[in-house]
Amino acid sequence: QVHLVESGGGLVQAGGSLRLSCVASRSILLINRMGWYRQTPGKQRELVADVSRLGSINYADSVKGRFTISRDGGENAVYLQMNSLKAEDTAVYYCSATTSRATYWGQGTQVTVAS
């Protein structure tokens, strides 16, 4: 099992930046994929960005060029640097960890972008 704890959400003006952090309870270098998803009321959770154990990265088209996912194996942490934030980025952001057995989720952190 993997426990994930997110932090770094908050309220920011449009055009501003936030950095989300996710700390895992075990080595992320042994986890197949770490990712960030987001969800707004009435909508399905959607992928924002993820990184594989080998370092392959994917971004949603809507965040390419603005968001950057990174990881620190020594800290068992994954980060999401969010720049040039827009009102439509407002959502609850969830960290995920996918192993060969299951996908685990953090509790979520609220990001609100004021226009």
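The model is predicted; local features need pLDDT of at least 70, side-chain atom pairs count only at pLDDT 80 or more, and totals for chains, interfaces and linings use all residues. Residues are numbered from 1 along each chain as its sequence is written, and side-chain values use heavy atoms, with hydrogens and water left out.

W105 also takes part in an aromatic pair with Y37, and the structure holds 1 such pair. The rings of Y37 and W105 are edge-to-face, with 5.0 Å from centre to centre and 75 degrees between the planes. Because Y37 lies in strand β4 (residues 33-39) and W105 in strand β10 (residues 103-105), the pair ties together parts that are 68 residues apart in sequence. Under the criterion applied, rings of Phe, Tyr and Trp (its six-membered ring) pair if their centres lie within 6.5 Å; planes under 30 degrees apart count as stacked, over 60 as edge-to-face and the rest as tilted. Strands (E, at least two residues) and helices (H or I, at least four) are DSSP runs, numbered from the N terminus. Y37 has 22% relative accessibility and so counts as partly exposed; W105, at 36%, is likewise classed as partly exposed. The classes are buried for under 20% relative accessible area, exposed for over 50% and partly exposed in between (1.4 Å probe, protein chains only).

Strand β3 (residues 18-24) is mostly covered, with 5 of its 7 residues buried. Strand β3 runs antiparallel to strand β1 (residues 4-7), to which 4 bridges join it. L4 has A24 of β3 as its bridge partner. Strand β8 (residues 77-82) is also antiparallel to β3, through 6 bridges, and M82 in β8 is the bridge partner of L18. Two strands are counted as paired if DSSP finds at least two bridges between them. S21 lies in β3 and counts as buried because its relative accessibility is 16%. Leaving aside neighbours within four places in sequence, S21 is in contact (heavy atoms within 4.5 Å) with V5, E6, S7, W36, V78 and Y79.

A search of the whole structure finds 1 disulfide, defined as a pair of cysteine sulfur atoms within 2.5 Å. The disulfide joins C22 to C95, with an S to S distance of 2.0 Å. The pair links distant parts of the chain, as C22 is in β3 and C95 in strand β9 (residues 91-98), 73 residues apart. The link of C22 and C95 is left-handed, with -80 degrees about the S-S bond. Both C22 and C95 are buried.

The largest nonpolar core has 29 residues, of which L4, M34, W36, L80, M82 and Y93 touch the most other members. Elements giving two or more residues to this core are β3, β4, β5 (46-52), β7 (67-72), β8, β9 and β11 (109-114). Such a core is a set of buried Ala, Val, Leu, Ile, Met, Phe, Trp, Tyr and Cys residues joined through side-chain atoms within 4.5 Å. Not counting residues up to four places away in sequence, L80 touches L18, R19, L20, W36, V48, A49, F67, T68, I69 and Y93.

Several loop residues were also examined. N32 lies in the loop between β3 and β4 and is partly exposed, with a relative accessible area of 36%. With residues up to four places away in sequence not counted, N32 touches V51, S52, R53, T98, T99 and S100. N32 and A91 are 25 Å apart in space, C-alpha to C-alpha, and 59 residues apart in sequence. N76, in the loop between β7 and β8, has a positive phi of about 50 degrees although it is not a glycine. S84, which is not a glycine either, has a positive phi of about 50 degrees. The loop between β8 and β9 holds S84, which is partly exposed at a relative accessible area of 41%.
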